[in-house]
Amino acid sequence: TCLSKGGGFHFPPCHMLSVSGFRILLDCPLDLSSLAIFSPVPIALEAHESLETDSVVRKKQKIEKTLDANDLVFAEPWYKTVKSLHLWDASFIDVILISSPTGMLGLPFLTRTKDFSAKIYVTEAAARIGQLMMEDLVSIHMELRQFYGPEDSSSLQWMRWEGLEVLPSELKKIALGADCEELGAWMPLYSAVDVKDCMRKVQTLKYAEEACYNGTLVIKAFSSGLEIGTCNWTINGPKRNIAYISSSIFVSTHAMDFNFLGLQGNDLIIFSDFSTLDTTENMENDNTYCDPAASSNASDDLYNLEEIAASLLKDDESMEEMEKLAFICTCAFDSVRAGGSVLVPIDRLGIVLCLLEQMSLLLESSSLKVPIYIISSVAEELLAFTNIIPEWLCKQRQEKLFSGEPLFAHVKLIKERKIHVFPAVHSVELLTNWQEPCVVFCPHWSLRLGPVVHLLRYWCSDPNSLLILESGDDANLALLPFKPMAMKVLQCSFLSGISLQKVQPLLKALQPKLLLFPKDLRCKIQISEANTIIHYSENETLCMPSSKESTEIYIATDLASQFHWKTLKQETVTRLDGELFMDQGKHRLLSGFRQADSKQHRPLLHWGSPDLKRLLTELSKMGITGTLKKNMDSAESKNAAGIIDIDDPEKALIDVRETVQSP
């Protein structure tokens, strides 16, 4: 089930899978672009007129007037989660796989719920960066909370139906969604304690490191190249091998490249890169595109794996990105030379690190002495972290380590005091060292939170100053509270996923038996019919047929020697007496003697009905005390369910019930 197709880099897609009886959530992001409906700070006290007196005026003016800053919601912001995720019971989720730092910003909303028990897997780098992003979000939100004061019922007037009715249609669509079904997705932000509790429940992985869940599913993360620590996932089970492809970049200027070869050998691929939805790129009108499957005269050798890999790993796109960064730096240089300052509220870590390098070089080559400020509560820690993780970076960055150079230039620039890092816009050190013109990197890209609000209000009337925004969101709505603006605005688009012309060669290299492909991308690209393709859309549940007609089982040698074949109804069968269990995603059958003989080979997952009274006795021998909530007599114990309530050493619950192992 595709819960959300997302909305670009900052709001990745979200899916729910049911595999081998386990429910898996793929990513848990926040739609931070929805913060645009809120006012960063109230403009005037008149804007806080009562809802009853203002509603009549607004209804009359709704058609006549254009959207202005007074139409924004004057309240402490709430945050929008994946629109239908709140309809799912969090206690029924078994596994959560996080593909990027932005894909984990909504996790604390789940982990703080009452019966949440899912296993969360995320790469080590993404976990650390994601944690810092959540901590920074909590920190900059606290500034608004201090302004608005304690939350009360009056501050939630905008969420009542009479408040939603008077919102302009543009804001109403963001608040409620196109079908007016998304109001339940709004929540007050989690706390710093919630973030810490969330991170305690996370299990971190390295690239290609195996994690076995419940003995049944073998899970691995492979580099996606989008950002530091971002990944794609493989899920191998007894009935199917699945690869999940999120937004990926083949050749990166900073992160480890897209390891698409690690995704080979999977019979089902879920393609979840929606990054080209908002582009004008269309494969049908692209004369440079060549479909390998459609070229009947082409030699087979031309499209072997090595050729395809070489074509996919061309660095054309990364060179194009570097040219964009060079253009941004040139525009920034022109502004500071004219006496203006530059404000950069971009939070893509890799883009920021590359901009710092190029901008510093450009300023250094000139006679201008312009300071670069980085203002963020987590900036110091984040910059230090990026210089100690060579294994998560591209080969060019790793080579710097062996030559004795820092991985990124900001380390040297901070020591030379060309870059200054401060935790807050009101810190004494910043006020003491402040100098204009300057270049400032700070959160938040929504222009509703953080230092950017103060600095944008300060410079918005300066025609020589420059604001650098990432394109994709509604810039007109984002800039609404700061109008009229004399400040120049530069909108930039950065590579956020797989370009359309590389989709078909990628699938040719991976050769899946079954491909799940977004229905929204069907009009942009024609996938070769050599693959079995099923198109999916939001909130549509699809049931996939099993790719394996039979199940493989590994039988112990001593049992295999006991085969006595008989023919029954034209089928040859044999009967074995052993214990069936799952280990590393494989069915295994061992003799009872071997199983009892060695504790180190105890299975992770058994078949059968446990004796709960005996289980409680065994737990007590291990120092775990509890009570059997539902007593069952011996006649019913084989098939009945029961609950063991654990009291010591910590509170826990063992729920035993009958289940059917799904394909």
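Helix α3 contributes six residues to the lining of the largest cavity, the largest share from any element; helices (H or I, at least four residues) and strands (E, at least two) are DSSP runs numbered from the N terminus. The structure is a predicted model, in which local features need pLDDT of at least 70 and side-chain atom pairs count only at pLDDT 80 or more, whereas totals for chains, interfaces and linings use all residues. Residues are numbered from 1 along each chain as its sequence is written, and side-chain values use heavy atoms, with hydrogens and water left out.

Three cavities of 30 Å³ or more were found in a search of the whole structure. A cavity is here a set of points, on a 1 Å grid over the protein atoms alone, where a 1.4 Å probe fits but cannot get out, and its lining residues have an atom within 4 Å of a point. Grid points are joined across faces, edges and corners, and a volume is the space filled by probe spheres set on the points. The largest cavity holds about 580 Å³ of space and is lined by 35 residues, of which Met 133, Asp 136, Ile 346, Asp 347 and Leu 382 lie nearest its centre. Two or more lining residues are given by each of α3 (124-148), α9 (349-365), β15 and α10 (379-386). By class, this lining of the largest cavity comprises 25 nonpolar, six polar and four charged residues, where Ala, Val, Leu, Ile, Met, Phe, Trp, Tyr, Cys and Pro count as nonpolar, Asp, Glu, Lys and Arg as charged, and the others, Gly among them, as polar. Domain 1 (2-40 + 67-277 + 498-536) and domain 2 (316-492) each provide at least three residues of the lining of the largest cavity, the domain bounds being taken from an automatic or database domain assignment.

The second largest cavity, with a volume of about 150 Å³, is lined by 16 residues, and those closest to its centre are Ile 249, Thr 253, His 254, Glu 321 and Ile 351. Helices α8 (316-337) and α9 each supply at least two residues of this second lining, and the largest share, three residues, comes from α8. The lining of the second largest cavity has seven nonpolar, six polar and three charged residues, and at least three of its residues are drawn from each of domain 1 and domain 2.

Helix α9 also contains Cys 354, which counts as buried at 2% relative accessibility; buried means under 20% relative accessible area, exposed over 50%, and partly exposed in between (1.4 Å probe, protein chains only). The C-alpha atoms of Cys 354 and Met 322, 32 residues apart along the chain, are separated by 8.4 Å.

Aromatic contacts were examined next. Rings of Phe, Tyr and Trp (its six-membered ring) pair if their centres lie within 6.5 Å, and planes under 30 degrees apart count as stacked, over 60 as edge-to-face and the rest as tilted. The count by this rule is 14 aromatic pairs, including a stacked pair of Tyr 373 and Trp 434, at 5.1 Å centre to centre with 15° between the planes. This pair links distant parts of the chain, 61 residues apart, with Tyr 373 in strand β15 (residues 372-375) and Trp 434 in the loop between α13 (428-433) and β17 (439-441). Tyr 373 counts as buried at 1% relative accessibility, whereas Trp 434 is partly exposed, with a relative accessible area of 27%. Both belong to one aromatic cluster formed by Tyr 373, Phe 422, Trp 434, Tyr 458 and Trp 459.

Note on methods
On a 1 Å grid over the protein atoms alone, a cavity is a set of points where a 1.4 Å probe fits but cannot get out, and a pocket is an open set with protein on both sides within 12 Å along at least five of seven lines; lining residues have an atom within 4 Å of a point.
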